[in-house]
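Subject: Structure for your review

Dear colleague,

Please find the structure below, handed over for your use.

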Amino acid sequence: MTPRATAVTEPDAPARPDAGPEAGAATPGPAATGRDAILLAARRAFTQRPYAEVTIRAVAADAGVSPSLVVKHFGRKEQLFNTVADFGPAAEELLDAPLDGLGRHMVLTLVRRRREQKGDPLLRVVFSLGNHDERSLLRDRFHEQVTARLTARLPGREPALRAELIAGQLIGLGATLSLHREGAGSRATPEHLADLYAPALQGLVTG
């Protein structure tokens, strides 16, 4: 059965072991760590295998926790899938700025979130490309919650095309930082990355 989309408010960024928290970031407690491990394992499972093949037991084993802890935090498999497929909280953060500074805000938010929360808010949608089963919900949710919302904010001509290009550039930035985990980007400040990357995004924002 194809899972039904429901509203959730869980963090939606896959963990990134190479990026430590910035100064002042809170250290998660045991409960938060277990929850994050479950989310990471669920993202791997649902983006790499058909929905029908994913089990709570397998997700728990990958996360290093008991199946009962998965159920305690997320309920049934359908609810866990809907958590993984939700981009709403990420969109709230990424788009929470005036249009004249939105490009820079999006870059700073994405980079800081990766470093503070050890995860990228958008990159997991890439793993749904080319799949034709329930994982297509990831793409549908991304379009609905990120691209369509951005389209509605953009002034001028061809807002849908510009929104798609902006989303692609943000995903590309996350992919680049993941690919070069120990590279120059990992040592650059968020502000410096924004200085270099944001002007192109802002050009698409303003049209």
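The buried residues of helix α6 are covered by elements that include α5 (88–94), α7 (136–153), α8 (159–179), α9 (184–187) and α10. Please note that this is a predicted model, and that every value below was computed from it.

Helix α6

Helix α6 spans residues 102–117. With 16 residues, α6 reaches 21 Å from its first C-alpha to its last, which is close to the 22 Å expected at 1.5 Å a residue. The buried residues of α6 are Leu 102, Gly 103, Met 106, Val 107, Leu 108, Thr 109, Leu 110, Val 111, Arg 113, Arg 114 and Arg 115.

Packing of α6 against α10

Helix α10 comprises residues 190–206, and α6 packs against α10 at an angle of about 135°, the two axes being 6 Å apart. Angles over 145 degrees would count as roughly antiparallel and those from 65 to 115 as roughly perpendicular; α6 and α10 are therefore oblique to each other. The crossing of α6 past α10 is right-handed. On the α6 side, the contact involves Leu 102, Gly 103, Arg 104, Met 106, Val 107, Leu 108, Val 111, Arg 112 and Arg 115. These meet Pro 190, Glu 191, Leu 193, Ala 194, Asp 195, Tyr 197, Ala 198, Leu 201, Gln 202 and Val 205 of α10. By class, the residues of this contact comprise 12 nonpolar, 2 polar and 5 charged.

Glu 93 is located in helix α5. Its relative accessibility is 34%, so Glu 93 counts as partly exposed. Leaving aside residues up to four places away in sequence, Glu 93 touches His 105, Thr 109 and Arg 113. The C-alpha atoms of Glu 93 and His 105 are 9.1 Å apart, with the two residues 12 apart in sequence.

Packing of α7 against α8

Helices α7 and α8 pack at an angle of about 120°, with 8 Å between their axes. They are therefore oblique to each other, and α7 passes α8 in a right-handed crossing. From α7, the contact draws on Phe 142, Thr 147, Leu 150 and Thr 151, while α8 contributes Pro 159, Ala 160, Ala 163, Glu 164, Ile 166, Ala 167 and Ile 171. This contact of α7 with α8 has 8 nonpolar, 2 polar and 1 charged residues.

With kind regards

How values were computed: Residues numbered from 1 in each chain as written. Predicted model: local features only at pLDDT ≥ 70, side-chain atom pairs only at ≥ 80, totals over all residues. Heavy atoms only, no water. Axes fitted to C-alpha atoms, helices over the stretch in contact; angles between N-to-C directions. Helix = DSSP H or I, 4+ residues; strand = E, 2+ residues; numbered from the N terminus. Parallel < 35°, antiparallel > 145°, perpendicular 65-115°, else oblique. Left-handed = near helix turned anticlockwise from the far one by under 90°. Contact = heavy atoms within 4.5 Å. Nonpolar A, V, L, I, M, F, W, Y, C, P; charged D, E, K, R; others polar. Expected span 1.5 Å × (residues − 1). Buried < 20%, exposed > 50% of the residue type's maximum accessible area, 1.4 Å probe, protein only.
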